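Q: Can you walk me through this one before I set anything up?

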Amino acid sequence: MIKLIKKYKEIITYIFFGVLSTVVSWGTYILFEQKFALSVFVSNLLSWICAVAFAFITNKLWVFESKSMSPRILIKELTTFVTSRVITGLIEIAGVPLLAKTGLDNLFFNLMYKLNLDKFEFLFTDGIYSKIIISVIVVILNYIFSKLFVFKSKKTGE
């Protein structure tokens, strides 16, 4: 079991911190949309910014173990990370409202009512189910971009 964990450590830590990044994204989305009454678009944009900041730090230090704080390496990693996240962020920023406008969320809202889960207000946040679907796609793309372009080697040296 330990051997298997060591073999897949990078993927396991990516999934772990990816889940936490998603919690940051969804939690801040709900906060911005419900508590501050911001639009789906603005709430989604702000939640994306929060999640990207969290993801860069965790991916750099613990997932891909890039410990170098050399300004040259740090700037390169940060710019390629942010660029790749802008690409997937555009997919998320456009995709969530697009799916929400198609009425996808209404299918889930009806299901939540039928399951008597209407007491959980956050399950009826406008755009939340569209956000979940787009998030799955974005997580997969983010791993590919980080692995291939941002943190190319396991340990970046100077």
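Q: OK. How many helices and strands?
A: The protein has 6 helices and 0 strands, where helices (H or I, at least four residues) and strands (E, at least two) are DSSP runs numbered from the N terminus. The order from the N terminus is α-α-α-α-α-α.

Q: What box do the C-alpha atoms fill?
A: Roughly 55 × 40 × 25 Å, along the principal axes.

Q: And how much of the protein counts as buried?
A: Of its 158 residues, 41% are buried. Buried means under 20% relative accessible area, exposed means over 50%, and partly exposed is in between (1.4 Å probe, protein chains only).

Q: What share of the contacts is between residues 24 or more positions apart?
A: Among contacts with a separation of 6 or more, such pairs make up 74%. A contact here means heavy atoms within 4.5 Å.

Q: Now confidence. What's the average pLDDT?
A: The mean is 90, and 96% of the residues score at least 70. pLDDT is the predictor's confidence in each residue, from 0 to 100.

Q: Where does it stay under 50?
A: Over residues 154-158, for which the model still has 17 contacts beyond four places in sequence. Where pLDDT is low, the predicted coordinates should not be read in detail.

Q: Switching to electrostatics. How many salt bridges?
A: There are 4, counting a side-chain nitrogen of Lys or Arg within 4 Å of a carboxyl oxygen of Asp or Glu.

Q: Which residue does Glu-65 pair with?
A: Lys-9, at 2.2 Å from N to O. Glu-65 sits in the loop between helix H3 (40-63) and helix H4 (71-101), while Lys-9 is in helix H2, 56 residues apart, and the pair links distant parts of the chain.

Q: Is that glutamate buried or exposed?
A: Glu-65 is buried, at 11% relative accessibility. Lys-9 is partly exposed, at 34%.

Q: What about Glu-77?
A: Its side chain meets that of Lys-60 in a salt bridge of 2.6 Å, N to O. This pair links helix H4, which holds Glu-77, to helix H3, which holds Lys-60, across 17 residues. Glu-77 is buried at 2% relative accessible area, and Lys-60 is buried at 2% relative accessibility.

Q: Which partner does Glu-92 have?
A: Lys-131, at 2.5 Å from N to O.

Q: How far apart are the mean positions of the positive and negative charges?
A: They are 12 Å apart, for 18 positive and 10 negative charges. Lys and Arg count as positive and Asp and Glu as negative, without His and the chain ends; each charge is placed at NZ of Lys, CZ of Arg, CG of Asp or CD of Glu.

Q: Backbone next. What is the phi of Ala-37?
A: It is positive, about 55°, although Ala-37 is not a glycine. Most residues other than glycine have a negative phi. Ala-37 is in the loop between H2 and H3 and is exposed, at 64% relative accessibility.

Q: And Asn-116?
A: Asn-116 also has a positive phi of about 55° without being a glycine. Asn-116 lies in the loop between helix H5 (104-114) and H6, exposed at 53% relative accessible area.

Q: Last one: what does Ser-21 touch?
A: Ala-51, Phe-54 and Ala-55, leaving aside residues up to four places away in sequence. Ser-21 is in helix H2 (residues 9-35) and is buried, at 10%.

Note on methods. Residues numbered from 1 in each chain as written. Predicted model: local features only at pLDDT ≥ 70, side-chain atom pairs only at ≥ 80, totals over all residues. Heavy atoms only, no water.
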